[in-house]
Amino acid sequence: MQGKQFSIKAMVAESGWMSVYDGLSAGVLRQVFYASARFGLFEMGRDKLHEIRGKTDFASRVGVGAISGGIAAFISCPMEVCVVRMSNDVNLPKDERRNYKGVSDAFGRIIKEEGVPAFWRGCTPFVQRAMMVGVFQVATLDQFKGMYANALNQTKNSIPNVFCAAMTSGLLYSIATMPLEASKNRMAAQKPDPVSGKLPYSSTLQLMRSVTAKEGFLALYNGFFPYYCRCGGHTVSMFIIVQMLRDNYPL
């Protein structure tokens, strides 16, 4: 929440339990485009690079992870803006809320009221964040699987091995990407000044400087625990399901 301390208890008291699922429909659509594109492009790029170079090292995973994450984020930006708008609407003063009825309403109203370019407002921090997610989540997973296999005597690619590696990857990418997540959310939800018509934030760096000067650098980490629960839970769920599919339907 901007301007006040975030509290799930206060949010539920004000708007009811279903408010914690605001933006769910847009979030599901976002994942259809973002997660599938990011993971699919990473696998394709990694395998293609292996054919060309004859090896797959950590540097290759980092490069492919960053590029695939950035492309997937750019593709899914319209859904990301809908997610941010719908989930943050309850945090605004009542006279400033957009009161979207659903993802289709949000999508149509944004086009009508602000134009198509509004879907890529905040695109830069979203793409930057996605590139770091590709590096810290996808590219580090294999490294952690090998580390835990040796340190804890686990079978590599077993469910416990994937769980430990995914939780660690999720923690790393949560720490690395939280400032960009906060920047992306603020840029996507910002409104023009009623007098000048200018937006308060014009770039990721300008936003971070402004927030740090007014609220302190740690303001960019407000809500870190629920963010890590989301990131860690998503990472673990995704990679365990992928591993189960590979175990049961080998290519």
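## Helix packing and nonpolar cores

Helix 5 crosses helix 6 in a right-handed sense, where right-handed means that the near helix is turned clockwise from the far one by less than a right angle. This is a predicted model, in which local features need pLDDT of at least 70 and side-chain atom pairs count only at pLDDT 80 or more, while totals for chains, interfaces and linings use all residues. Residues are numbered from 1 along each chain as its sequence is written, and side-chain values use heavy atoms, with hydrogens and water left out.

Helix 5 (residues 123-151) and helix 6 (residues 159-189) pack at an angle of about 165°, their axes lying 7 Å apart; helix 5 is therefore roughly antiparallel to helix 6, a term for angles over 145 degrees. The residues of this contact divide as follows.

| Class in the contact | Residues |
|---|---|
| Nonpolar | 18 residues |
| Polar | eight residues |

The largest nonpolar core has 15 residues, and L141, A165, A166 and F239 have the most contacts inside it. Such a core is a set of buried Ala, Val, Leu, Ile, Met, Phe, Trp, Tyr and Cys residues joined through side-chain atoms within 4.5 Å, with buried meaning under 20% relative accessible area (1.4 Å probe, protein chains only). Helix 2 (24-53), helix 5, helix 6 and helix 8 (224-248) each give two or more residues to this core, and helix 8 gives the most, with five residues.

In the protein as a whole, the secondary structure comes to eight helices and zero strands, and buried residues make up 45% of the 251 residues.

How values were computed: Axes are lines fitted to C-alpha atoms, for helices over the stretch in contact, and angles run from 0 to 180 degrees between N-to-C directions. Helices (H or I, at least four residues) and strands (E, at least two) are DSSP runs, numbered from the N terminus. Angles under 35 degrees count as roughly parallel, over 145 as roughly antiparallel, 65 to 115 as roughly perpendicular and the rest as oblique. Ala, Val, Leu, Ile, Met, Phe, Trp, Tyr, Cys and Pro count as nonpolar, Asp, Glu, Lys and Arg as charged, and the others, Gly among them, as polar. Buried means under 20% relative accessible area, exposed over 50%, partly exposed in between (1.4 Å probe, protein chains only).
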